[in-house]
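Please keep the sequence and the model at hand while reading.

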6 protein chains.
Amino acid sequence: MSTPIGPTDSSLVPRFAGPATFARLPRIDQVERADIAVVGVPFDSGVSYRPGARFGPSAIREASRLLRPYNPGLDVSPFADVQVVDGGDIAVNPFSIGEAVETLDEASSEFVQAGTRLVTLGGDHTIALPLLRSAYRKYGPIALLHFDAHLDTWDTYFGEPYTHGTPFRRAVEEGILDTEALCHVGTRGPLYGKKDLEDDRRFGFGIVTSADVMRKGVDEIADALRRRIGDRPLYVSVDIDVLDPAHAPGTGTPEAGGLTSRELLELLRGLSTCNLVGADVVEVAPAYDHAQITATAASHVAYDLVSVLALNHGG
Amino acid sequence: MSTPIGPTDSSLVPRFAGPATFARLPRIDQVERADIAVVGVPFDSGVSYRPGARFGPSAIREASRLLRPYNPGLDVSPFADVQVVDGGDIAVNPFSIGEAVETLDEASSEFVQAGTRLVTLGGDHTIALPLLRSAYRKYGPIALLHFDAHLDTWDTYFGEPYTHGTPFRRAVEEGILDTEALCHVGTRGPLYGKKDLEDDRRFGFGIVTSADVMRKGVDEIADALRRRIGDRPLYVSVDIDVLDPAHAPGTGTPEAGGLTSRELLELLRGLSTCNLVGADVVEVAPAYDHAQITATAASHVAYDLVSVLALNHGG
Amino acid sequence: MSTPIGPTDSSLVPRFAGPATFARLPRIDQVERADIAVVGVPFDSGVSYRPGARFGPSAIREASRLLRPYNPGLDVSPFADVQVVDGGDIAVNPFSIGEAVETLDEASSEFVQAGTRLVTLGGDHTIALPLLRSAYRKYGPIALLHFDAHLDTWDTYFGEPYTHGTPFRRAVEEGILDTEALCHVGTRGPLYGKKDLEDDRRFGFGIVTSADVMRKGVDEIADALRRRIGDRPLYVSVDIDVLDPAHAPGTGTPEAGGLTSRELLELLRGLSTCNLVGADVVEVAPAYDHAQITATAASHVAYDLVSVLALNHGG
Amino acid sequence: MSTPIGPTDSSLVPRFAGPATFARLPRIDQVERADIAVVGVPFDSGVSYRPGARFGPSAIREASRLLRPYNPGLDVSPFADVQVVDGGDIAVNPFSIGEAVETLDEASSEFVQAGTRLVTLGGDHTIALPLLRSAYRKYGPIALLHFDAHLDTWDTYFGEPYTHGTPFRRAVEEGILDTEALCHVGTRGPLYGKKDLEDDRRFGFGIVTSADVMRKGVDEIADALRRRIGDRPLYVSVDIDVLDPAHAPGTGTPEAGGLTSRELLELLRGLSTCNLVGADVVEVAPAYDHAQITATAASHVAYDLVSVLALNHGG
Amino acid sequence: MSTPIGPTDSSLVPRFAGPATFARLPRIDQVERADIAVVGVPFDSGVSYRPGARFGPSAIREASRLLRPYNPGLDVSPFADVQVVDGGDIAVNPFSIGEAVETLDEASSEFVQAGTRLVTLGGDHTIALPLLRSAYRKYGPIALLHFDAHLDTWDTYFGEPYTHGTPFRRAVEEGILDTEALCHVGTRGPLYGKKDLEDDRRFGFGIVTSADVMRKGVDEIADALRRRIGDRPLYVSVDIDVLDPAHAPGTGTPEAGGLTSRELLELLRGLSTCNLVGADVVEVAPAYDHAQITATAASHVAYDLVSVLALNHGG
Amino acid sequence: MSTPIGPTDSSLVPRFAGPATFARLPRIDQVERADIAVVGVPFDSGVSYRPGARFGPSAIREASRLLRPYNPGLDVSPFADVQVVDGGDIAVNPFSIGEAVETLDEASSEFVQAGTRLVTLGGDHTIALPLLRSAYRKYGPIALLHFDAHLDTWDTYFGEPYTHGTPFRRAVEEGILDTEALCHVGTRGPLYGKKDLEDDRRFGFGIVTSADVMRKGVDEIADALRRRIGDRPLYVSVDIDVLDPAHAPGTGTPEAGGLTSRELLELLRGLSTCNLVGADVVEVAPAYDHAQITATAASHVAYDLVSVLALNHGG
């Protein structure tokens, strides 16, 4: 097996130079095979409030120029151990949510079936559904950790079943989630009604609120999440609005009272022994960002997710 | 006939206080009848690049707090001469362009049929089509002056016939425009191909480029436009990107080399004797604006369009 | 008793459409009576550093479009249980602090005497004094929890007794506060001298610093506050600068080292059993905000204050 | 007579280093006498809309770091020919407009009586009145060129006679202006009523609108202004909102359709032979500025005004 | 000869998707030969004031996503007529100006000697010197049109001969410019002394000030420039600060009173018949940009320069 | 011994008026001797990513206008107890890192040898090396607490030994640090490789990560740091990027997951009994700041460092 091709050498090419692939990794056409691919889905036609996440992938990639190859938080050099690539953007129809979901379903499945695990950069949260479908077809029912201010288990919005507020209800309905191992983390903010919580519980979700994280600390929460997940194939979906607006202003439906980026990263690192099979980080809307703080946080989230995938590769 | 109800008195309520109706005018439910209504259409699902114009109506209204009741550029007190109101927002489905177009068609027709002339605050340029349909049903074939960096006579985009780049091709196809009296003003920037220009000419459009305005001056241009329009029922559609990005950063598809706000306002004032029957100002995307300069320009555009309508009321 | 009229239905009118009343609630002229009114006071002539809070009420209202009707943090649907309305802005003279204080005193008293409890959106902190006067006339001496980086018990500034740094000294001098039950929360940052602390203590105030909140946690702090307050009529005044500048850049006198929005909201929820009779959230200066993060935090503060009021209504 | 002390040498101290006096000139306490002083008046209590001009002087000074000592537009080295200094800020009471006006009257008079000509950095336009009074006491009735989007000849606002909208009416009433030689330049935007124009004309003002400048060009306008002014002692007051919001977003009451900075600077240079006795540039509100474009424009305006003063010194 | 490979098809991949090569053109490794290459030089160690132009190339490329393939201003489809590519970034040492100049000299020469004409995206203006050297070695003495607020013919700064203020003095000294055909366009703003102008004139430069462009109009200016240049091999260097700060806030040494983007683009189009052999657009500092207006202007400048090169290819 | 001259009296001169010396303290030429001087070093030629820290000193000084004279967190009035001054900027060559380091070495030594302790406002982290050299020459081997996201013990970058990533390796090599008492605090983010950690440990550094601070709390960390330091002469170097990007967006190499400003300030206050001999706060890059939040945090850091110095003066 060949040595992985790593990122552009920053002692030769300054970090601010050269194309902004994720972490300055090779493009997928520059390698023979990819163990892990970071792909973008520039799509935001499923949002209910501020649009703009279509520019998320390029913003996260720009911010990822600063990522270096060794992750001390997990003691791993992900790009050295396995072949990680930038898989480019999956282009979808901005005017038809249904067609976009289909296109993404097929494109992601191609990666997954070839044994490439995906960390997907959104785009809005609508994209989690086809990504979960792809994971399900490869791995069977999927455990899900969903970091988000919101539940995203609403039903429809203006008659549309596929929106950024509904992917996980659809996924439960489609039977592709392992309902024993579902949990929201970082939830907060007002809901439409108490029934939102009842529906959500009925689907099998646990809820760890943002205030729970503050009160119990990241270690206790991570322990509980690991126990709930066990060794099931796990998908982690991170809506960047799980962070407080101070840490992630560049998003579409901000809610006060969120996680810090330090809490989020430590929680993700707490999943290092889980059987992660895929992940996304979504809802980065750069028009509302400032000095790349949201995109930087998202790039670190993606980096830690890649690191966890690398740690578990072949395990 | 009753005296029109005017804006909130700024000697009693400072301009920064109270609800942000357009120019602090009364709501439509506060008057008995409306000669002219300023309405918002918070919709941007038809855009091809930067979204965000769904927040345009509220941004323009906020900026319009500074509008005062006498327009010295046209020597008219529009709110004193006729009843002008804020007609509120027309809410449309953000997930179905087709349904949105239908809803807007009906809602605007209701105003128009009741004799209320509309100045519509977008929203993206998709909305011009249903607004033109409403005008056509009332007034017959419509002359059109289209202030825009772009032609907006493209065919489809990702298979979608109704987008912000296609309303005027659709309108020509539907036979609702008077093809003797169509003109783009402020056009500039690269196109897909020479055929774009040929198609556009075939539809009957003249083109006054942004550079033409610089070379000939606003008076010569306005004269020519007035001659082309004559006394036909005229609709004026202003895409705020007709302005240079310096004057209108807050828009979705900016092109360098545009008009100044002074040129645009003087051109509109040059239409004071035309038989204006409706107008819009679209594509204000506040997330990209700075210090309200785009919204301020748009509010002045709307104010001058209202003034021209007021001058011609009952004419 | 009639069923309360709730907010605009977001399944019919998208959250980004329609007028920006607080939480999209009805205006006061649309209901028969109001149990709770959210009112704005666009006034900032009492500030000592960065002005701009005159635009606070409209910014908070814009940000409040995202508030939904059920508050899971307090398990209450405030808009369903009691009639909550947007009471509009109270317009005051920007050139005379004295007259402004008088006008606000009268206008707020009218609400309070009619049995409507107020959550007031500032405006600068000067406005707390007339609001406390109104509360006192209805309820007698008032317990006060004051969330703020600063003490606001200074004496005069440039000879002016009514400024945003002096309301609580004036209130103590006027005898309208219950000096057994006064506390600052979130205090930090340099002072003019040790005498500031001595004066403040003499007036009866306790101090919970921002660092205390970090060290002890919100639950211990909230318990202590509740014990101090007991069942006295309580007014809660929230200067948004109690938050760290990361969470609230849009304010006039920022101090590093502040609370997180999560701490602030949990502290307020910890007061759910108190006899809250009025509240304000002040010092939101939108010109310094970014992506509405300050206004969003303030809208959540106001929402939780409304929720606490709703929980205690009729108690 | 001693050689003037010039600005800090930028070949020794980079322009971004050292204190931000205007153009890096010496402080007044570093010289024996001053022919021309640039002073700041950080005051904005007279504004009717967006406040923030209190931070104008420091913002203009920061932007003035880039000014170099030779002005090719006027072929003059102002800092070499006469002693120009930074006179510091004149501190005034932010809570009493009346007292502020008095303080400024006295402080500016001290300069003027000592033979130091002032270029004053505002602050809001209220400050023009005491500055004109000082000039009058030294030079007799003053000719005035007023570059502004607005007339600033309104009467009172909320009962207050001294505001940023009223200085020139007050000055006419006080008899300190030479009513044969008064002109507004760059006027535009809606007014309260036709009476505004009638009053203004009655006071003796001519009006050169922003559109006039576009139509006639700067040379024809400058010629006419020079003829109107003759050799009378001239005060030039520049409200930065005379510029289009594209060129000056950082101001309090922006109006679309304004001058370009190039037009403004060329118009000022056209006054090089006039008997300029004082000048101001006001209404720079940095919180609304972007990348210092407003402050940069204002610093160039002040620099050209200093240059004109230097050219006429001792003449 | 093979048909050129054009940009990504925007009917398949939305403009906001996929890698941000210039105008979405192919990378150089995707074609067999390149007639014209757009290359980036992320370097800003030669600046004297605001740094940040190292991020210019990526910002201009992001903004260039909106460029379409037909240029109606010049009636040319540049990407169809010749092979235009994105040549990537030339990485240089940020800590040694001398080494950076050498590296760039060699790297650009390789392109030029291979017959590929370059449009270079800076980076600061230091880079013009090695680019001119490369052109000289291929074409002999070079005619130069230099669009800039500044002369950039200063001598040294803090002892450093290679800075962004000195490239053209060095180039004259090195004998690589055709001193019969040198002109600055758009010059304005204060200088260090009259000697700056004298030195500059001695080197052979003509000056067309920004005010000249306003007074004479672009056509007269372009005519004069064309006459001065004749059919000499021409290099066009565009410092984006030639634009007014309103049009280009994102730059390092802004000067009020500049060109509009419309004037600049029309001037460049006026050079369509010249024998252009190379060009650059420099000094875009994205940290100071807003909503990409500077980067958008720069991308249009580069596009028109590519178009002129395409028109003259093989001529 | 004379009474120290304190800051400008804010009851006479509003905080927004007058020159922006640090905390409005006297300039060094206004006092006879200085116990503590706050000096600026506007230099950023040693950065590897986003430049701009050259504007840090003036930005921190502007933000320091709000600092008041009594520090309740440490119960000290630093400006009353000892003479604190603003020492102005130390101007250095922006084009030669080596010369800049020499200049700063000499200039700082002059202060230190005269018994003036320095709190230096950067500028980039390169400047810590000459500042440590000066301290070493006065006090012998120096204990170092280094608050930073990064280790800054890298070797060279593009061949350059003096950069913002290498000062502490150089200092160890030069033998000027006390290798028994070195610690990084707030470290996080990816590294180049595990060897980075090994080298760092070999140099004698301890590491307290940002996550350690969250898990253990500031008091436990501060205790451990104090024990490590003992009564050795201590230098504290604060790279503002030790804060999370939410708290310090205005910096050059942001890393998610950082400290809050509250944690940082409390940690610094925990050092009140240490024998602090010098300190810096570096890497504030204002072009990326928003509403001064980074500069405000830095000004509070500098104020607390001055306070600790004042507490230990003469000890």
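An angle of 65 to 115 degrees between two axes counts as roughly perpendicular. The model discussed here is predicted.

**A helix pair in chain A**

Helix α1 of chain A spans residues 56-63 and packs against helix α10 of chain A, residues 293-312, at an angle of about 80 degrees. The axes of the two helices are 8 Å apart. By the cut-off above, α1(A) and α10(A) are therefore roughly perpendicular to each other. On the α1(A) side the contact is made by Ala59(A), Ile60(A), Glu62(A) and Ala63(A). Their partners in α10(A) are Ala295(A), Thr296(A), Ala298(A), Ser299(A) and Ala302(A). Sorted by class, the residues of this contact are six nonpolar, two polar and one charged.

In soluble globular proteins, nonpolar side chains tend to be buried together. If neighbours within four places in sequence are left aside, Leu132(F) is in contact with Ile142(F), Ala171(F), Ile176(F), Leu177(F) and Tyr235(F).

**Chains that touch**

Chain F meets both chain E and chain A. The table lists the side of one chain in each pair by residue class.

| Side described | Nonpolar | Polar | Charged |
|---|---|---|---|
| Chain E, touching chain F | eight residues | four residues | two residues |
| Chain F, touching chain A | 13 residues | eight residues | two residues |

Between chains E and F, 14 residues of chain E are in contact with 13 residues of chain F. Of the interface residues of chain E, 93% are also interface residues in chain F, so the copies meet through the same surface.

Between chains F and A, 23 residues of chain F are in contact with 24 residues of chain A. On the chain F side, α6 (194-202) and α7 (210-216) each supply at least two residues. The largest share of that side, three residues, comes from α7(F).

Chain A and chain D do not touch, and their nearest C-alpha atoms are 14 Å apart. Chain C and chain E do not touch either, with their nearest C-alpha atoms 14 Å apart.

Methods:
Residues are numbered from 1 along each chain as its sequence is written. Chains are lettered from A and ligands numbered from 1 in the order in which they are written. This is a predicted model: local features need pLDDT of at least 70, side-chain atom pairs count only at pLDDT 80 or more; totals for chains, interfaces and linings use all residues. Two residues are in contact if their C-beta atoms, placed from the backbone, lie within 7 Å. Axes are lines fitted to C-alpha atoms, for helices over the stretch in contact, and angles run from 0 to 180 degrees between N-to-C directions. Helices (H or I, at least four residues) and strands (E, at least two) are DSSP runs, numbered from the N terminus. Angles under 35 degrees count as roughly parallel, over 145 as roughly antiparallel, 65 to 115 as roughly perpendicular and the rest as oblique. Ala, Val, Leu, Ile, Met, Phe, Trp, Tyr, Cys and Pro count as nonpolar, Asp, Glu, Lys and Arg as charged, and the others, Gly among them, as polar.
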